[in-house]
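Could you take a look at this one with me?

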Amino acid sequence: MTTTAQTTTAQATLTETVSYTDNGHSLTFTVGDQQIATYTYRPTDDQYESPRPFFHPLTTLEGDEVTISRPWDHVWHKGLSWALPNVGEHNFWGGATYTRETGYSNLDNNGAMNHEAFTSIEELGTGITAAESLLWTAQPAESQPAETQPAETQPATQGQAGTPLIREQRRFAIQLLATGNAWALLFETTMDNVSGAEIGIGSPTTEGRDNAGYGGLFWRGPRSFTGGQFRSDKGTGADEFMGTRSPWIAFTGQHDVTCRKSSILFVEDQANPGASNQWFARSSMFACLGSAPFFSEVVPLKEGQPLTYRYAVVIADGALEDQKAAALADAAKAALDAWA
């Protein structure tokens with residue numbers, strides 16, 4: 001299926017077209033002839049990687065890729081995704097789980113965020129918006145090898161056989177921006193507890209590991225972005241931005257081959273619980289950036305009291321110097337507000 005939405009960029013004299021295709025496993029978004037985003041909603045990942053929908057690749061309008069997926073050091077890092085490591089006793093991040101009692105250990109607790117349906121995919125304003133329902137399930141119980149079981153008793157697809165924990169309503173939009181050579185991915189999640197008991201959402205830091213408050217909307221950048229620069233309304237720098245609070249934060253890195261620079265900028269909706277929340281930001285080990293609303297405090301997810309978080313993520317060609325970052329942040333905030 002294909003649909004289109006139209007808008008203009010500051011650099012373009014012709015109207016650009018945003019379109020998408022759906023192959024039954026992923027949505028791919030295109031501007032003109034350039035693919036800029038793929039959203040895999042039916043992943044085939046191993047249960048240990050906490051299967052969940054993710055965006056990869058994400059590409060600038062000039063064609064430079066700004067994400068990496070399944071890097072050898074952390075194969076559960078998937079481009080850009082909503083991922084939470086400490087959801088009660090469950091892991092929706094992937095890999096080992098950090099707890100006070102065990103440190104990092106493989107706890108057979110890797111759940112899955114299962115796509116149920118797109119309730120709508122439509123033109124909305126200056127882009128395309130998709131609405132999706134998901135069911136988060138616990139890791140399936142151990143069972144005898146499937147090939148030894150009768151077909152009618154074999155376990156369901158990985159992640160589908162576990163206990164239902166959270167029902168999520170998710171929206172995201174792909175929009176071109178009128179400021180800079182950039183586009184925005186708008187993201188909204190509402191998580192509703194269906195487990196029958198309160199769930200505390202935290203992080204390795206809430207479990208005692210200093211400066212490891214990851215969990216939220218998380219981006220992993222290309223290898224060549226290592227050593228890049230962060231920028232927020234507090235100035236510029238590198239790893240010292242870990243755990244800081246600001247309405248927006250940006251990262252600029254440089255590509256191999258083209259040698260061009262690209263930037264990614266996160267804007268948090270200030271209506272989010274706890275906003276402005278902390279950011280998980282690394283440059284020297286590898287390039288990554290993420291919203292971290294559960295960085296240093298466990299947030300309860302109670303039955304009948306869903307939590308909603310909203311963000312704009314801007315993908316821009318070039319470095320964000322002087323007032324360019326602030327202008328893009330303002331444009332993304334305006335897009336997020338209008339999208340509501």
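1. Some ground rules. This is a predicted model, where local features need pLDDT of at least 70, side-chain atom pairs count only at pLDDT 80 or more, and totals for chains, interfaces and linings use all residues. Residues are numbered from 1 along each chain as its sequence is written, and side-chain values use heavy atoms, with hydrogens and water left out.

2. Cis peptide bonds. Most peptide bonds are trans. The bond from histidine 56 to proline 57 is cis, with omega near -5 degrees, and proline 57 sits in strand E5, residues 54-58 (strands are DSSP runs of at least two residues, numbered from the N terminus). Alanine 275 and serine 276 are also joined by a cis bond, omega about -5 degrees; serine 276 belongs to the loop between strands E19 and E20.

3. Asparagine 211, not a glycine, has phi of about 60 degrees. Its relative accessibility is 36%, so asparagine 211 counts as partly exposed (between buried, under 20%, and exposed, over 50%, with a 1.4 Å probe and protein chains only). For cysteine 259, phi is near 65 degrees.

4. Salt bridges. The structure holds 13 (a side-chain nitrogen of Lys or Arg within 4 Å of a carboxyl oxygen of Asp or Glu). One of them pairs aspartate 45 with lysine 78 at 3.3 Å, N to O, and both residues are buried. Asp45, Glu49, Arg70 and Lys78 are linked in a salt-bridge network.

5. Arginine 260 meets glutamate 62 at 3.7 Å, N to O; the two are 198 residues apart.

Note on methods:
Helix = DSSP H or I, 4+ residues; strand = E, 2+ residues; numbered from the N terminus.
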